[in-house]
Amino acid sequence: MSKTPEGSIIVGLDIGTNKVSALVGEVLPDGQVSVIGSGSCPSRGMDKGGVNDLESVVKSVQRAIDQAELMAECTITSVFISLSGKHIASQIEKGMGSISEEEVTQDDMDSVIHTAKSVKIGDEQRTLHVIPQEFSIDVQKGIRNPIGLSGMRMEVSVHLITCHNDMARNIVKAVERCGLKVEHIIFSGLASSNAVITEDERDLGVCVVDIGAGTMDIAIWTDGSLRHAEVLPYAGNAVTSDIAYAFGTPFNDAEKLKVKYGCAISEHINRDETVNVPSVGGRPSRSLQRRMLAEVIEPRYSELLGLVNQRIVSIQDQLRAEGTKHHLAAGIVLTGGGSQIEGLVDCAERVFQTQVRIGQPLEVTGLTDYVKEPYQATAVGLLHYGKESQLHDDEDYVPSKSQSFTTVIKKFKNWILKEF
């Protein structure tokens, strides 16, 4: 095995409810991320974004890291990790200040952003991201890059994403017990967004729904900025449980049936198709119509997506009341492991009544066979964050490649506060 990676090597570690994924990326001279190693294993000890068995999580992480090291022929010492769970909170705050000179300087921007992010949050919470959205100078609003503009007073609107301290501390503890340093914690919904949507979609308005096993991450973007983020504690495992109970089959076998033969639109399945369903207690397996499997899956997926749609409508109403662009002209992008089921786009379009697509990771090279699937979206997004962190060489800041007003404004797009 080669020496410990330096400089251009970054590692994204996504610890999900069902799977742990580790990706090793190399930042090429042209700024592209090339994946040189991948490791994954079933996740144990995680539930809905939280750690419920520390030692099991440690073992799962270690196995995934070992695989990635072997493939990349390097020693991994530090990682960028994702975090999800219903404890994730999102809020908009404002900061104001005087313009010290005749025109706005970098220090002026720093000052108003600092004021905005200094709002008091609960003692049990910590700030993950501070994302500036737009600036106002005197009576002029909607400014994306205020540097060099003249005025007396400046205001900034920032998006704060926070998490529960203990939830973050536990997942960091599990990673550190593997001898790894956690560079930054990134909200998984933000990471997956950065991996699967384009700048045009952000400008037009889009909602990214990352469907995992235990949670669904929702990220709503309009006019180029992240407007809302939250996590619903229901996802793919609810579908798997329905299959297990409906057909009396073990949970792991139900998951395999869902992935291999499942369909979110029952009418797409020919009545003549059959599937072999394992039984429990040593009983022989049974042959059932595949359409019966779809008839169990379809209503649960419709229900899950319906919950998302309710939240989208509510958030759009809030944005409209605030005078913020709320239309999602680019529709819905579904990603994550739970999005990889036949017929889901048709099912989702019936629920959302708008265009839907499945989001696969973009702007990545190298071992693309390992990373081009939706379940790798969060891990690939972590690599993009790691790349930007290296390029800017700023320990308190990880800019999002996706929110590029200008080169200057990029410096403020995502501040990740290292408080663990």
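1. The lining of the second largest pocket splits into five nonpolar, 10 polar and nine charged residues. In this scheme Ala, Val, Leu, Ile, Met, Phe, Trp, Tyr, Cys and Pro count as nonpolar, Asp, Glu, Lys and Arg as charged, and the others, Gly among them, as polar. The model is predicted: local features need pLDDT of at least 70, side-chain atom pairs count only at pLDDT 80 or more, and totals for chains, interfaces and linings use all residues. Residues are numbered from 1 along each chain as its sequence is written, and side-chain values use heavy atoms, with hydrogens and water left out.

2. The volume of the second largest pocket is about 560 Å³. It is lined by 24 residues, and K94, E134, S157, R227 and T324 are the closest to its centre. A pocket here is an open set of points on a 1 Å grid over the protein atoms alone, where a 1.4 Å probe fits, with protein on both sides within 12 Å along at least five of seven lines; lining residues have an atom within 4 Å of a point. Grid points are joined across faces, edges and corners, and the volume is the space filled by probe spheres set on the points.

3. Elements that each supply at least two residues to the lining of the second largest pocket include the strands β7 (89-98), β8 (125-137) and β10 (153-164), and the helix α8 (290-321). Helices (H or I, at least four residues) and strands (E, at least two) are DSSP runs, numbered from the N terminus.

4. The largest pocket has a volume of about 1000 Å³. Its lining has 44 residues, with T17, N18, K19, A213 and G337 nearest the centre. Helix α7 contributes the most, six residues; among the other elements with at least two are β1 (9-15), β2 (19-27) and α11 (377-392). By class, this lining has 15 nonpolar, 21 polar and eight charged residues.

5. The chain is divided into domain 1 (86-162 + 401-412) and domain 2 (236-295), with bounds that come from an automatic or database domain assignment. The C-alpha centres of the two domains are 50 Å apart.

6. An unreviewed UniProt entry carries the annotation "domain: SHS2" over residues 10-196; such annotations may be inferred rather than shown by experiment. Residues 10-196 are 28% helix and 43% strand, and their end C-alpha atoms lie 19 Å apart.

7. How many disulfides does the structure hold? There are zero disulfides, a disulfide being a pair of cysteine sulfur atoms within 2.5 Å. C163 is in no disulfide either, and the nearest cysteine sulfur, that of C178, is 20 Å away. C74 is buried at 5% relative accessibility, and C163 is buried at 0%. Buried means under 20% relative accessible area, exposed over 50%, and partly exposed in between (1.4 Å probe, protein chains only).

8. Most residues other than glycine have a negative phi. E73 has a positive phi, near 55°, and sits in the loop between α1 (54-72) and β6. E73 is exposed, with a relative accessible area of 56%.

9. Phi of Q353 is also positive, near 55°. Q353 lies in the loop between α9 (344-352) and β18 (356-358), and Q353 is exposed at 66% relative accessible area.
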